[in-house]
Amino acid sequence: SVLVLRPVAFFVPLPVRPPGTASPHGRTVIDWDVMLKGQLEALPTGKRVFNPPKVMREGTNTRVEFRVSRGDLVSLLAGLHGPGYPEVKDIKVAPLMAVSLKSEEEAGEPVFRIKPIKDSDEQLVIGEQATEWSWDVFPTRTGSYRLYLSVSVFLFPPDGGPRKQVKVEERDVTVTINPSYRLTQYSGRIFTFLTGGLGLLGLQKAWSYLKQWRERRKSRIISI
């Protein structure tokens with residue numbers, strides 16, 4: 001008799017690997033979402049202050065400030081220049097953060113011209129010192145419009161990969177823009193016109209009255 005050997009197939013299921021563990025082939029599987037979430041939760045919690053005013057004047061620069069710190073609240077609030085009421089909230093603080101302030105647009109143009117005091121949105125947050133972002137905001141028209149605030153932290157993978165920017169706050173602020181600047185301009189022009197016209201009219205009336213008085217006085221002297 002002849003012995004015939006037939007191949008037998010074996011199926012070996014691969015083990016399920018948890019995120020961030022090594023595979024049987026020596027490769028590391030990284031779950032970025034889990035890693036970033038862990039880094040974000042490990043960041044210290046500090047305070048932030050933001051002082052957008054509820055009312056602005058058209059055509060007038062208004063200072064708006066944002067500060068973040070892990071220190072005391074007194075130093076965080078000291079020396080603010082903007083007229084808006086300072087809002088204080090808890091926030092995650094990282095060594096490198098970015099803060100931006102954007103304007104609502106109308107007909108493709110920004111309603112607010114926003115000029116940052118510093119060139120970059122990114123700044124280092126060192127120790128317990130307060131780090132500030134500030135802008136000069138110039139409303140170009142009247143009405144109720146929105147400003148958009150965005151705050152991000154930067155996280156760095158342990159393997160030296162590219163940094164990840166994670167937003168920790170996004171909000172919009174509605175600002176009412178009064179037409180004080182335009183009305184002041186128009187009112188000033190109208191006031192100048194009216195006072196100039198009335199002044200000239202008054203001089204004409206005074207000169208006419210003086211001439212009449214002189215004529216009456218002269219006629220009296222002649223009659224006497």
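Started with Arg146: its relative accessible area is 34%, so I put it down as partly exposed. This is a predicted model, so every distance below comes from predicted coordinates.

Next I looked for the salt-bridge partner of Arg146, and found Glu104, with the closest N and O atoms 3.7 Å apart. The two sit 42 residues apart in the chain, Arg146 in strand E11 and Glu104 in the loop between E5 and strand E6 (105-106). I checked the accessibility of Glu104 as well: at 17% it falls under the 20% limit, so Glu104 counts as buried.

I moved on to Glu106 and found a salt bridge to Arg141, where the closest N and O atoms are 2.9 Å apart. This one also links distant parts of the chain: Glu106 is in strand E6, Arg141 is in the loop between E10 and E11, and 35 residues separate them. Glu106 comes out at 33% relative accessibility, hence partly exposed. Arg141 has a relative accessible area of 23%, so I noted it as partly exposed too.

How many salt bridges does a search of the whole structure find? I got nine. One of them joins Lys47 and Asp90, with the closest N and O atoms at 2.5 Å. Lys47 belongs to strand E1 and Asp90 to strand E4, 43 residues apart. Buried or exposed, I asked of Asp90? Its relative accessibility is 52%, and the cut-off for exposed is over 50%, so Asp90 counts as exposed. Lys47, at 33%, is partly exposed.

**Strands around E1.** Having landed in E1, I looked up its pairings. E1 runs antiparallel to strand E4 (residues 87-92), and six bridges join them. Within that pairing, I found Gly46 partnered with Ile91 of E4. E1 is also antiparallel to E3, this time through four bridges. Here Lys47 turns up again, standing opposite Ser69 in E3.

**A buried asparagine.** I followed the chain out of E1 to Asn51, which sits in the loop between strand E1 (45-50) and strand E2 (55-57). Why do I call Asn51 buried? Because its relative accessibility is 1%. I then asked what lies by its side chain: a polar atom there is 2.6 Å from the backbone nitrogen of Glu65. Leaving out residues up to four places away in sequence, Asn51 touches Val64, Glu65, Leu80, Gly82, Gly84, Tyr85 and Pro86.

**The core.** Last stop was the largest nonpolar core, which has 30 residues. Which members touch the most others? I noted Phe66, Met97 and Phe112. Helix H1 (32-42) supplies at least two residues of this core, and so does each of the strands E3 (62-69), E5 (96-103), E10 (131-139), E11 (143-155) and E12 (164-178). E11 gives the largest share, six residues.

I finished by listing the contacts of Phe112, again skipping residues up to four places away in sequence. Among them are Met56, Ser103, Val137, Phe138, Pro139, Tyr145, Leu147, Val175 and Ile177. Arg146, where I began, is also on that list.

Conventions: Residues are numbered from 1 along each chain as its sequence is written. This is a predicted model: local features need pLDDT of at least 70, side-chain atom pairs count only at pLDDT 80 or more; totals for chains, interfaces and linings use all residues. Side-chain values use heavy atoms; hydrogens and water are left out. A nonpolar core is a set of buried Ala, Val, Leu, Ile, Met, Phe, Trp, Tyr and Cys residues joined through side-chain atoms within 4.5 Å. Buried means under 20% relative accessible area, exposed over 50%, partly exposed in between (1.4 Å probe, protein chains only). Contact means heavy atoms within 4.5 Å. A polar contact is a pair of N or O atoms within 3.5 Å; within protein, one must be able to donate a hydrogen and the other to accept it, and residues adjacent in sequence count only if both atoms are side-chain atoms. Two strands pair if DSSP finds at least two bridges between them. A salt bridge is a side-chain nitrogen of Lys or Arg within 4 Å of a carboxyl oxygen of Asp or Glu.
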